[in-house]
Amino acid sequence: MTGPDLKALIEAVSNVVIAHADELTDLDQAIGDGDHGVNMKRGFEAVVSDLDQITAKPVGEALKAAGMQLVMKVGGASGPLYGTLFMGLGKAWPETLDQTSLATAFGEAIDAVKARGKSEAGQKTMLDVLIPVQVALAAGGDLDTICDTAETAAAATIPMQATKGRASFLGERSVGHMDPGARSSQLIINAVCEALS
Ligand code: ADP
Ligand code: MG
């Protein structure tokens with residue numbers, strides 16, 4: 001991946017998240033405190049404003065730098081978690097990039113999120129999108145399959161009861177709404193797939 005490719009990719013991801021801020025806020029209003037859209041918009045706007053400096057670095061370092069911006073600017077529970085995801089991916093970025101090595105690196109980044117969030121699959125969080133996407137990637141799925149997997153996984157958080165994060169305070173009342181972090185993860189995956197296809 002070259003500098004201009006990486007720049008276009010990070011810019012595409014950021015713009016999609018920023019464009020969906022209201023939707024993410026609405027989702028977080030239903031089962032949280034209604035700040036997920038504003039949080040994510042602030043973080044990705046910071047990434048965009050720092051894009052030239054970020055993408056002047058090699059890919060692994062660029063991902064770490066983007067992750068740092070997210071940690072510093074997103075806030076809430078999701079800031080440190082998305083920051084950890086991007087920094088973890090940067091740290092694990094393979095020297096020889098192919099689908100298998102990317103899946104392994106993404107798996108390591110997800111493990112870092114799990115450790116940071118003390119969370120796992122099935123708790124109605126971003127992990128319920130990230131984990132199935134990693135599994136599809138590791139299984140050799142193409143871009144369409146990965147995109148579909150993310151969409152199905154985000155929708156599958158609707159009937160779940162949250163047992164982590166702010167939504168868990170609602171108990172059974174968290175059922176029936178899509179998890180905001182699952183939706184933002186899906187938007188990010190979708191933007192990556194579209195930019196690469
Ligand atoms: P906050 O909950 O602090 O207001 P946000 O609204 O920005 O933060 O983000 C909420 C999202 O963060 C949730 O929808 C969920 O996907 C994710 N999340 C919260 N806690 C965890 C956790 N421990 N592990 C993984 N994801 C989490
Ligand atoms: Mg919130």
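Is M178 buried or exposed in this predicted model? M178 is buried, because its relative accessible area is 18%, and buried means under 20% relative accessible area, exposed over 50%, and partly exposed in between (1.4 Å probe, protein chains only). Residues are numbered from 1 along each chain as its sequence is written, while chains are lettered from A and ligands numbered from 1 in the order in which they are written. As the model is predicted, local features need pLDDT of at least 70, side-chain atom pairs count only at pLDDT 80 or more, and totals for chains, interfaces and linings use all residues; side-chain values use heavy atoms, with hydrogens and water left out.

M178 is found in the loop between α9 (143–155) and α10; helices (H or I, at least four residues) and strands (E, at least two) are DSSP runs, numbered from the N terminus. Leaving aside neighbours within four places in sequence, M178 is in contact (heavy atoms within 4.5 Å) with L27, I31, A154, A155, T157, I158 and R183. The C-alpha atom of M178 is separated by 20 Å from that of K114, and these two residues are 64 residues apart along the chain.

Helix α10 (residues 180–196) and helix α3 (residues 36–49) have axes that come within 10 Å and cross at roughly 35°. Such axes are lines fitted to C-alpha atoms, for helices over the stretch in contact, and angles run from 0 to 180 degrees between N-to-C directions. On the α3 side, H36, M40 and F44 take part, and they meet P180, G181, S184 and I188 of α10. Sorted by type, the residues of this contact are four nonpolar, three polar and no charged. Here Ala, Val, Leu, Ile, Met, Phe, Trp, Tyr, Cys and Pro count as nonpolar, Asp, Glu, Lys and Arg as charged, and the others, Gly among them, as polar.

S184 of helix α10 deserves a look of its own. S184 is buried, because its relative accessible area is 0%. Its side chain makes a polar contact with the side chain of Y82 at 2.7 Å, where a polar contact is a pair of N or O atoms within 3.5 Å; within protein, one must be able to donate a hydrogen and the other to accept it, and residues adjacent in sequence count only if both atoms are side-chain atoms. A polar atom of the S184 side chain also lies 3.1 Å from the backbone oxygen of G181. Not counting residues up to four places away in sequence, S184 touches L24, H36, M40 and Y82.

Another serine, S101, lies in helix α7 (residues 99–117) and counts as buried at 17% relative accessibility. A polar atom of its side chain lies 2.8 Å from the backbone oxygen of T96.

Two lysines, K118 and K124, lie in the loop between α7 and α8. Phi is near 45° in K118 and near 65° in K124, a positive value in a residue other than glycine in each case. K118 is exposed, with a relative accessible area of 66%, whereas K124 is buried, at 1%.
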